[in-house]
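Good morning, colleagues. Please look at the model on the screen while I describe how its parts meet.

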Amino acid sequence: MADTILRTDHLSKSFGGLVAASNVSLDFERGQVHAVIGPNGAGKTTLINLLSGDLQPDDGSILFNGKHITHLPPDRISQLGIGRSYQKTNIFNEFSCYENCWVAAQSRLKTSMRFFRPASRLKTVRERAEKALELCGLSRRCDTRAAAMSYGEQRQLEIGMMLATEPELLLLDEPLAGMGSEESRRVIELLRRLAENHTLILIEHDMDAVFAIAEKLTVMVNGRVLETGTVEQIRNSRAVQDVYLGEEEADG
Amino acid sequence: MAVTTRSLTLPAALLILVLFPLFGSSFYVGLLTRILILAIFAMSLDLLIGYTGLVSFGHAAFFGIGGYALAIAFQDATTIHLWQALPLSLAAALAALVVGWISIRTSGIYFIMITLAFGQMFFYYFFESPRYGGDDGIFLFFKPVLMIGTESILNLENENTFYYFALGCLVTGYLLLAMILRAPFGKVITAIKANEHRVRALGYSINRYKLVSFVIAGTLAGLAGFLEGAHSGYVNPSYMSWHSSGIAIAIAIVVLGGMGTLYGPIVGAFIVVLLQDFLPSLTEHWQLLFGGIVISVALFLPRGATSLLPRILSRRQTTRPDSPPPEDGPREPADG
Ligand SMILES: Nc1ncnc2c1ncn2[C@@H]1O[C@H](COP(=O)(O)OP(=O)(O)OP(=O)(O)O)[C@@H](O)[C@H]1O
Ligand SMILES: [Mg+2]
């Protein structure tokens, strides 16, 4: 029997009249890389936002490790071990790279309501922040202001911050978007390494990357799940080819 | 570079302040006391605006409450014992807890409006309460003393003693704030100012941090109000009004001095009080001039007047362009 880490049950969300997610019922298995693909506006980011608590669903429920997390706020969900990265880079622009990861790493203290000793003396936090920087490949950029880095590096930092919270389940919203091919290659390598002891839910438009690291695929269209299966099953699915892969090829 | 600038400038400034009563007349010692008190208030506002990103327009209420707590409790007393009176400024902490608990649920313009509304509520409450002197406020005929047995060891009746007491409060407040800003708590609130959405996504329940910051700032403002009431000998609703002596001036002080620095508001308090004393002798439309100065600083020195000092000093040393801002301590603005 498969070990389900996260399950959504008839999850729905609409914005005004627009249904962005409709009856999404999915099982994500522990330890797997599960990619969610679909054309622009399919509702992939909406799904991630629902899972991370950034958005509240209109209907349906979410179970993480068997516990209801529906309607929990984002901070509680993060504390339970679900980390996320954003499609639209969401970092502390005026902070150095290191400080960005520091804030993320410090969130794993029992509480940050500590007023007396300087934060910089906290060895565990420092180590966590440094490890995250190293993983995302930004150790050399420690003292650089985030806003002064290249777009690709900011995307790496986005991932680094998520890693510094040491999540069990990673929600990655287009981690490769806007990266150069060299950076992309490195991040794919990183994701592969993370996949060894984490569960990943990966949204990505880069099909080569998806086919390279994902074990399972879900295709979304217009807020609905069109099909879920192994990479092989999805590759060979008529329906998917019609609405999605065909379209990709038509674009070139 | 900036570290050495600050590590020399601050002790030097403190030394001048400590020695001042030896040279200054009692009039100027009194004026300086007023400035120090205002500096405590402005510094507390900087914790909110400059570090936490909470633009509170109701902060003067806590200043007023600190003053009123003292005045109401001791209006008929013939001796004001400091150890009884000082804890009264905690009334401001309580008020800040209630006001903050409600206000931090909103953000942006709504937060500004709700804190302004609370500030006005407190103002009108005291303005229209005959029990507390209404418009005229309450007069205090004695200043607090600290006594052991019958021996008075700290008598604020003495202008110089009051001055040193206010200076001690300012320095203590500064050191406490510098400490919490370096601590994990400070890292969280500065991050909240920068991008509260991401802080929340990283697992912090941001409202708690905002509330604690709001209460710390309110308490310090209460202490300033307490000192102002004790020093001037009267407390009236204008303490809380949002224009005359209240929040507008405090924000001007923070902006003039440089927000997000802690020492900026202290310098700002000096600039503003001296301008207020000096400008009226130039023209009767001095408020216009004052407003013009505040606007110019906001436009041309967005990091405040104190941002000039490192620049002037660094010009004399061999200039190292783009040296990274030092970590730790009250955040030195990154040079843009
Ligand atoms: N906050 C919002 N308010 C209103 N409409 C929204 C909001 N967020 C998303 N939408 C709409 O919901 C639909 C799904 O958006 P979503 O961002 O989830 O798509 P996506 O699959 O992530 O697309 P992309 O590949 O472009 O990132 C879109 O039509 C979008 O315009
Ligand atoms: Mg998206």
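Gln106(A) lies in helix 3 of chain A; helices here are DSSP runs of H or I with at least four residues, numbered from the N terminus. This is a predicted model, in which local features need pLDDT of at least 70 and side-chain atom pairs count only at pLDDT 80 or more, while totals for chains, interfaces and linings use all residues. Residues are numbered from 1 along each chain as its sequence is written, chains are lettered from A and ligands numbered from 1 in the order in which they are written, and side-chain values use heavy atoms, with hydrogens and water left out.

Is Gln106(A) buried or exposed? Gln106(A) is buried because its relative accessibility is 0%, the limit for buried being under 20% relative accessible area with a 1.4 Å probe, protein chains only. Leaving aside residues up to four places away in sequence, Gln106(A) touches residues of chain B including Pro184(B), Lys187(B), Val188(B) and Tyr204(B); contact means heavy atoms within 4.5 Å.

I turn now to the whole interface. In total, 36 residues of chain A are in contact with 28 residues of chain B. Two salt bridges are counted between chain A and chain B, a salt bridge being a side-chain nitrogen of Lys or Arg within 4 Å of a carboxyl oxygen of Asp or Glu. Glu158(A) pairs with Arg198(B) in a salt bridge, with the closest N and O atoms 2.5 Å apart. On the side of chain A that touches chain B, helix 3 of chain A gives the most, with five residues.

Conventions:
Helices (H or I, at least four residues) and strands (E, at least two) are DSSP runs, numbered from the N terminus. Buried means under 20% relative accessible area, exposed over 50%, partly exposed in between (1.4 Å probe, protein chains only).
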